[in-house]
Amino acid sequence: MKTNRRILVVDDNIDYCEGIIDFLEMEGFDAKAVHDGFKALETIEEEEFDMVLMDVRMPGMDGVETFQKLKKISPNTPTILMTAFAVESRIKEALRSGVFGAFQKPVDNERLICSIKKSLHSGAVIMIADDDKELCSYLLDRFADKGYRGIVVRNQETAVLMASEKKFDFIILNANKKDINGVETYQKIRDFRPEVNIIIITDNKKETENLIDQASKKDVCAIFEKPLDIDTLIEAIQKTFDNRN
Amino acid sequence: MENIPNLSELESTKKTVKFFEGLLRSTPNGIVVTDASQNIVLVNGRFSSIFQQHWRDVIETNLFVWLQQLDSGAVDLWTELVASVYREGHCYDANFKLTSTERVTHLRVNASLVEQEAVEDQGIIISNWRDITKQIEMEEQVATSESLAVLGKLSGSIAHEIRNPLATIDISALNLKRKLKDADEKTKSQIDRIIKQVKETVDTIQSLQDLAKLKVPNKSRWDISKIIRNGIGISEIPESIHLINVMTENELFVNVDEKQISIVIRNILSNAIYAMENQGTVWINAYKDVDDNVNISIKDSGLGIKAENIYKIFESFYGTKVKGFGYGLTICKMIMEKHGGTIDATSEEGEGATFTLRFPYDAIEKQSA
C-alpha cells in the first residue's frame, strides 16, 4: 500500500502549525510539526520526511540557517520557506542556496499546495514563459507525456514570482516578444536561482545571442529559433536532466 | 469767515484722501472698517475678493452677510472678537475658514478700536484679514511627513506581528470552509467573510510595507508603455476584468523609478477593480499633453466617486479615510510627489472614475539630455 507523503512543518507559532497540519492532511499528506530549528534537525535525523515547510523567523536559529544545516543531513529533502516579514536579501540567500520555494504569510494556500506537489515530483519541472497560447498548451501536453510538470506564465513579474515559489529545473523563455522581456527576466531569475537551466526561444537567434552578455551565455543551455522544433527541444531537456541526475 | 479753507488747502485734503485710499488698496491684507452695528463703512478690494466681489458691492453692507458665508462658527467668533476689542481695545488673532467647491481659504484676523472723539463715531472697529492658506498647508505637510516617517519605521515590525496571526486565522477559516462545505449558505458566507477580511487586512499591511520601502526615487529613463506593462504585471487582475490599452503614441519616455511607478499603477488598478466589484472594463492610455507633460490615464467603468470625497481619497493617512479607499492611493500621491509629478482623479457619479498621472516635461528632458 502506498503511504502518504510526509511533511515536516517547522514554525514557532503553534496555532498556525495546527491549522496548516489540518490543511495538509485534508490535501492527502501526513504532517508533523516541531517549533524550532534545533528540534527540526533532530527530527529529520530520526524520521523520514518527503519535504519540509518552515517559517523563517524563529527564536534561536532562523529558518534559513536551519535549512543550511538540514541540507547537510538530508540533501534531497526539498524545503519551502514561509515568512511573515523578512529581509529580502535573506530570502534571496536561501533561494540561492537551494530552497525549493519561498512564500509570504498569509500564504496563498492553493499556490503552496501546487509548489509542494512540484517539490515531490521526480520528473523535470519546467516553466514556460511565452505569450503564444497555442504553443504553450502544445508544449504542456508534450511535457505531460514525458512525465514533466509544466507551468505557463505570461509576464515578467509572474515569471520571477513563480521562480521564487518553485524550484524549476528548466525555464523556457521567449526572448523577443514585447510582453515578456526574456533576457531581463532571465537575469533577474539567475540572480537567485543560479542552478536553473535556461532555454531561450527566439525569432532571431543571432540578435538574441548578441543581447545576452558573454558572461552569462555559458549558463544558457540552448537557444531555439522559431518555428520551434519541439522534438529537438524535448531531447535537449531530457539529456540535460539525465546528465544532472 | 476764516473757517472756509482756501483752494490750496482743498487740494492738499484731496491729496491726503487719495493717499489713504491708495494705502488701503495696496495693502496685501483685507481691511474692513465697521461701525457699532457692524455696517461696513470702509473696505478694500482684497477683502472683497475673498468673496469674489467688487468692493463697491461690499461697502455699506452688513459684515454679518459675509460672515455667514464663512464656515460655521464665524458669526460667534466675530461676536467674541468684537467683545474683546470693546473691552481691551484690541484682540488676539482669530482664524476663519472659507470652504468652496474649489478650495479652502484660511484667514487670520485681528482687529482694534478706532479712537474717535465724536460720540456718534464710537464703536468703530478696523479689522485686518490675512490669507494664511499657504502657511497652513505647509504646516500640514510637515506634520504629515513626520507622522509618515514614524509609520514607516513601525511598519516592519507591525507587518510581522500581524501577518503571523492573520496566517493562522486564514488557514483555520479555509479548513472550516472545507469541512463545512455542506453547511447552510449563512454559515458559508460567515466563513467567506473572514477570509475576505483577512485579505483586506493583508492589503493594508502591504501598503504599509510599500511605504516603509519608499525611498528617494532611483530614477532612470523608461519607455512609459513598459512601465504600464510592469504595473499590470504586478497586479492581480481577475479574468472578469477587461483591460484595454488605448495608447496610440509610441516612444514616450519618462525619467522615473520604475518600481515605484509600477506600484502606483498597481494601486490604481486594484482600487478600480474593487470599485467595479470585480466586473467591468479598465482603459489605460498614455499621451503627451499641450505642455509636453507625459500623462498616464486609467479609467474604470465602476460607480464613480462622490464629489465630496474626490479630494479625500488621497489623504487616508490623516484621518479622512473614505470608506472603500485604502492607503494605496495616498501612497500613489506620495510617489508622484517624489517624482515632481501629480495625480488627479475625476469622476461623475455612476460614470466611473479616471485617474491621471502627470510627469512634468522638465523631469523628462533632463534625463534624455
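Okay, let's start with one residue, Val9 of chain A. Leaving out anything up to four places away in sequence, Val9(A) touches Cys17(A), Ile20(A), Ile21(A), Ala31(A), Lys32(A), Ala33(A) and Leu53(A). Keep in mind that this is a predicted model.

As general background, nonpolar side chains in soluble globular proteins tend to be buried together.

Now, how do the two chains meet? We have 20 residues of chain B in contact with 20 residues of chain A. On the chain B side, the elements giving two or more residues are α5 (133–179), α6 (185–212) and α7 (224–233). Here α5(B) turns up again, with the largest share, 14 residues. By type, that side of chain B splits into 8 nonpolar, 8 polar and 4 charged residues.

A quick word on chain B overall. You'll find 10 helices and 12 strands in it, and 28% of its 369 residues count as buried.

Last thing, confidence. For chain A the mean pLDDT is 86, with 91% of its residues at 70 or more. Strand β1 of chain A, residues 6–10, has the highest confidence in that chain at 97, while helix α10, residues 214–217, has the lowest, at a mean of 56.

Conventions
Residues are numbered from 1 along each chain as its sequence is written. Chains are lettered from A and ligands numbered from 1 in the order in which they are written. This is a predicted model: local features need pLDDT of at least 70, side-chain atom pairs count only at pLDDT 80 or more; totals for chains, interfaces and linings use all residues. Two residues are in contact if their C-beta atoms, placed from the backbone, lie within 7 Å. Helices (H or I, at least four residues) and strands (E, at least two) are DSSP runs, numbered from the N terminus. Ala, Val, Leu, Ile, Met, Phe, Trp, Tyr, Cys and Pro count as nonpolar, Asp, Glu, Lys and Arg as charged, and the others, Gly among them, as polar. A residue is buried if 20 or more other C-beta atoms lie within 10 Å of its own, exposed if 12 or fewer, and partly exposed in between; C-beta atoms are placed from the backbone. pLDDT is the predictor's confidence in each residue, from 0 to 100.
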